[in-house]
Each structure stands twice: as C-alpha cells, then as structure tokens.
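I opened the file today and kept notes as I went. These are my entries, in the order I looked things up.

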Amino acid sequence: MLNAPELAERLAPALSGKTVQARLAHVLVELATQRGVLEEPGSRILVALTQPELADLVGAGEPAVHKVLRQFRKNGLIKTGYRQLTVSDVEALREIARGRPEETPTASIVGPSGERAARRIGELRRGLGLTLADLESRLGELGRPILVSSLSKIENGQRRVDVDDLLALALALDASPNAILLPGSDELGDDVALAPGRVMDGASAWRWASKDVPVARPLPLPLANSDSRGRDFFISYVDPDESWAAWIAAQLEDAGFRTFVGARDVVSGQNWSEAFEEGLAHSQRVIAVLSNSYLSSNLAAIEWRTAYQEDPMGLHRRLIPVRVEPCQPTGMLRSVAHIDLVGLNEHDSRTVLLRQISASIEGKGQLNPSFPGRNAVDFTGSTGNFVTITNNFMGGSTKEEASISADALISLASYLPHEFLSPALDAALALEFSARAKALAGLAPHLPSDLLAHALAGATALDEPAARVEALAGLIPHLPATARANALGAALAAATAIDTPSDRALALASLLEYLSDSDRRTAVENVLTAVRSGAASPPIKDQHGLPEIPNPGSTDR
C-alpha cells in the first residue's frame, strides 16, 4: 500500500522551490520507477491514487494539478483512468522534473544529436517508402516493438531513443547506426553539433565515428569539398554493368562519400556529354567498373584515360579499377592495381570494396597475417579435379551411401574455396531425394546468392514433400526477403501435403520459427491436429517456440 504522508515527507526536499509542473513530474517519475510495472509504451502505477491524493503529494491545489495532468495527457506523456495512471514517457517527465518546461518538448527532451537522429529516421523511413505502421511491424519482427504513436514522437523529437532502440531502428531501416546519428552525404561540409559544447564539420564527424571499426580499416575523411557539385568518386561504367555501378555507389554513400553515377545524375533535358565532363572535373577519383563490355567500350576508355593521364604514376590513386567479372585489362589499364570482387558474396564484396577504397585514399594497405604454410585441408588442384572426385565418389547405390555422401559434402563446405562451391552444389543435386535435401540444407550457409537461387530451384523440384520441407527449411534463413517468403510458402504447402501425421507434425514444427505470429498459431493448430490423429506425438522442442506437446495417450494433465 502507498503511504502517502511518508512519501510526501520524503519528497519534500526535492520538490522545494519547483513549479507545480516540475513537482508533479517528479512525483510521477518516482511512482513509475519505484512502484510501477514496466509496460509498452510506459510504466503503469499500481497504486489506487485519486487526484486529491496526488495533489497532496505534490503540495499543490487540486485544480492546479488537474490542469498540469491535462497538459501532460494532451502531449502524450501520460494516460489516466479510474484510480490508475500510466506514464508513457518517463524520460520526458524526468526532464520536466529538472525544471525544463514541458511546453517546449523538443528542446527539453532531446539534444542536438537527438534532433538530427529524429530527422534522419524520418528521412530514411520515407526513402524506403515505409509508413509508420510498416516500421512498427519491422521492429516487432526484430523483437524490439515500438508503437506507431511512439515512433511518431521519435520523429518529432518528443521521445528519446535509447541504445537498444537505435540499433533496432537501424536494422529495420536497413542502415547503419551512424547513418541515423550523423549527417547525410549532402551535409558533409556543414557544421554538426555532436553535443552542446562540441561542433565539427560533417565529414570529420563521420571519420571520428568510424575510427574504431574492427572489421575493416576506418574510412578516411571523405574528400569532396562543400561545393554542391563536388564528388568523391565518379563511377565509370557501361550500360550492362549499371546494377554494379549503382551497388558500388550505394556502399560508398552509406560510408559518407559522394558519388556521380550517370544513370542517376544525368536527367532528361541535360546535355549528356557536358554532364559527364563536369562530373569528371568535379570528382576527386574515378572508379572504373571493369568487365569485358567495359574494356571494349571506346566511351569508357575516354573516362578512365582522363583519370589516368592526370595521375599516370598513380601517386594520388586518381583511377581505381574495380573488377566485377572475369576479364583481363590490357595496355595502360593493366598497370593499375585493381579491386577484385569476382566470386565474392555481397557481404565480402562490401568489406573488400570499403577496405581497399580506404587504403587507396590513405596510400597504405594492410598485410595479411595468415599462416603461409600448408593447412590441414589444402585445395591445390583445379576445379576440374574436384568435379572428377565428386562424380566418382559421391552418390551411392543405397540410401545409406547417399546420406554419407551428403555428410561428406556438408563437412567439406566450410573449407571449400569459392570456385569449388558450384561443383559441390551440383554433386548435392545429383543425390537421392532425402540425401539431396540434407545436402542442400547443410550447404546453404556457405553458398553465395547466385548459387542459393540454384539450390532453391533444386529444393522446390524435390518430389517427396518431406524432403522438400527439409531442404527449404535449411535454405530459408539464408535467402533474401522476397525469396524467403516464397520459399516459406512452398515449404508450408509441402508440409501440409505429407500423409503421415507424425511426419507432417515434424515438418510443420521445423518451420515455426520463420512464421509470423498469426501464421504460427495456425501451424500450431495443424501440428496438434496431426499429433492427435497419429499414434504418438512428435518430439517438438522448445526452440520452436512451443512447450512440448503431451502424448495424447498419456493420463498426465
């Protein structure tokens, strides 16, 4: 029970000299943090509290307290009900209790970085075409639910964002936390207030924020000046490689650089030749997207030769070739060291690109400290030799032999160089149904996106529903979002087509962790139906998000 006189006596020194608004905020924070149970979006006070009692605690008249409560409620800081009160924003009330007026919530609740983060969250969300409800849904899937009302307050600077919120928002918006905290590429030359007493230009803020990055070298200060035409990189490419040019530009811009890409920066009505000439002139460096089509293009040659002639010795790394498909530069271009993305998956491509761009700007790379001797597993032969080995030794005339072959492929997968993964996948697709499913599921974590698509086609082509579910369940976590949804639908259809109830229950249970809450409930009902119609319950375990289902024949209840 709340001892109001005792609490009032204890709070009296802290409330002395404050306004009614500040005193009421202080009392609400005390009740919410010390006597409340945290809920979303706030903290519910579990005491029977009337407005007269609250006025006594605050030491003010009931009309004055009622007026402030109405203002708090209007601004979304509290919700009131019969003899109960829910605090929706403890941090905002804590700021008011310190003497900062609630009537100016943006100034009192967040500082300069919070204001910038609020603006950037809105910009990033709108850039993705997401509504506040869409963002709420994404955050819920990440296990960090934030209601639409709270998201609106965040974007309006009326609600603080803690570290957990920040990371979840960055994931939901497909951005890095720095992209929320720091200015965009068009503000690199502007002053940025990181704290009330610390201001630096935007580019320096990015360099400071990324100096402790452990995976790749810290990206140096972006180069372009505050001139709106200035660019750090001119992306030189030919039409067949436009998707590569766009991807490279996106990675660099996410890291704080500014780029010129013809497909985006030359619009209808502009003089194409003049626009490219100006783009070259105002860019610090040229990235040449190397492919066979690029090397045979006369227009592309004009662009990279312009950069080469300005820095023929490469002292300033004015020209940076990036190879995106197997090709062999000739002539002068052959003498320029290039960044090689051939055969890499998206994550590794981004890491290599940013690390080597950083090295080009700084003029100093990194040594590879890996052991130069022979490791326990060493692939010194050719891809052809590996194909011969898999053709001769994989497969088998019995299910047991095929299963052993699948286990062998899975064991080898983590040691295989990239060029061996394609023949390994071909070997997996040649196995008998159940062994093929096992092999596809086991290879999935090691396959790049192009081979994942090939593996997905092989999985959906399996005739046996149970094998199809096994293969798809192993592939689903590693697929991009669109393909994941289609694969999950195919897996659910296959699971429900399994005749044996216990096998059907097991198949459905293996998919539960990938389902939305509503779909999971439906699947659970199907699992229970299958169990009840079978002879015994399947061994459903806790990792599927369910308690173990009791044996229908058991008398235990």
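Entry 1: I checked W247 for burial. W247 is buried, because its relative accessible area is 16% and the cut-off for buried is under 20%. This is a predicted model, so I read every value here as a computed one. I then looked up W244. W244 comes out as partly exposed, with a relative accessible area of 27%. Both W244 and W247 sit in helix α13, residues 242-254. They are three residues apart, about one turn of the helix. An α-helix has 3.6 residues a turn, so residues three or four places apart point the same way.

**Entry 2: aromatic pairs.** How many aromatic pairs does the structure hold? I found seven. One of them joins F234 and F260, and this pair is stacked. I noted 5.1 Å centre to centre and 5° between the planes. The pair links distant parts of the chain. F234 belongs to strand β7 (residues 231-236), F260 to strand β8 (residues 259-260), and 26 residues separate them. Are F234 and F260 buried or exposed? I have both down as buried. I went back to W244 and W247, which form an edge-to-face pair. Their centres are 5.8 Å apart, with 85° between the planes.

**Entry 3: a nonpolar patch.** With L299 and I302, W272 makes a nonpolar surface patch of about 330 Å². I looked up I302 on its own. I302 is located in helix α17. I302 counts as exposed, because its relative accessibility is 53% and exposed starts over 50%.

**Entry 4: helix α5 and E95.** I asked which residues of α5 are buried. My list reads V90, A92, L93, E95, I96 and A97. That is six of the eight residues of the helix (residues 90-97), so α5 is largely enclosed by the rest of the structure. E95 is the entry I marked for follow-up. Its relative accessible area is 2%, so I have E95 as buried. What does the side chain of E95 meet? It meets the side chain of R160 in a salt bridge, 2.8 Å from N to O. This pair also links distant parts of the chain: E95 is in helix α5, whereas R160 is in the loop between α9 (148-155) and α10, 65 residues away. R160 is partly exposed, with a relative accessible area of 31%.

**Entry 5: other salt bridges.** A search of the whole structure gave me 12 salt bridges. Among them is R264 with E253, at 2.8 Å from N to O. R264 is in helix α14 (residues 262-265) and E253 in helix α13, 11 residues apart, and the pair links distant parts of the chain. R264 is partly exposed at 40% relative accessible area. E253 is also partly exposed, at 25%.

I then took D340 and R323. Their side chains meet in a salt bridge at 2.8 Å, N to O. D340 lies in strand β11 (residues 339-340) and R323 in strand β10, so the pair ties together parts that are 17 residues apart in sequence. D340 counts as partly exposed at 31%, while R323 is buried at 15%. I also recorded a network: R144, R159, D162 and D165 are joined by salt bridges that share partners.

**Entry 6: positive phi.** I looked for positive phi values outside glycine. D174 has one, near 55°. D174 is in the loop between α10 (163-172) and α11 (177-181). D174 is exposed, with a relative accessible area of 66%. R317 also has a positive phi, about 50°. R317 is placed in the loop between α17 (298-310) and β10 (319-323). I have R317 as partly exposed, at 25% relative accessible area.

**Entry 7: R520.** R520 is partly exposed, with a relative accessible area of 21%. Which residues does R520 contact, leaving aside neighbours within four places in sequence? I noted L512, E513 and L515. The C-alpha atoms of R520 and A509 are 9.4 Å apart, and the two residues are 11 residues apart along the chain.

How values were computed. Residues are numbered from 1 along each chain as its sequence is written. This is a predicted model: local features need pLDDT of at least 70, side-chain atom pairs count only at pLDDT 80 or more; totals for chains, interfaces and linings use all residues. Side-chain values use heavy atoms; hydrogens and water are left out. Helices (H or I, at least four residues) and strands (E, at least two) are DSSP runs, numbered from the N terminus. Buried means under 20% relative accessible area, exposed over 50%, partly exposed in between (1.4 Å probe, protein chains only). Rings of Phe, Tyr and Trp (its six-membered ring) pair if their centres lie within 6.5 Å; planes under 30 degrees apart count as stacked, over 60 as edge-to-face and the rest as tilted. Contact means heavy atoms within 4.5 Å. Patches are made of residues with over 30% relative accessible area and no salt bridge: like charges are joined within 9 Å, nonpolar side chains (Val, Leu, Ile, Met, Phe, Trp, Tyr) within 5 Å. Accessible areas come from the Shrake-Rupley method with a 1.4 Å probe; for residues, only the protein chains shown count as cover. A salt bridge is a side-chain nitrogen of Lys or Arg within 4 Å of a carboxyl oxygen of Asp or Glu.
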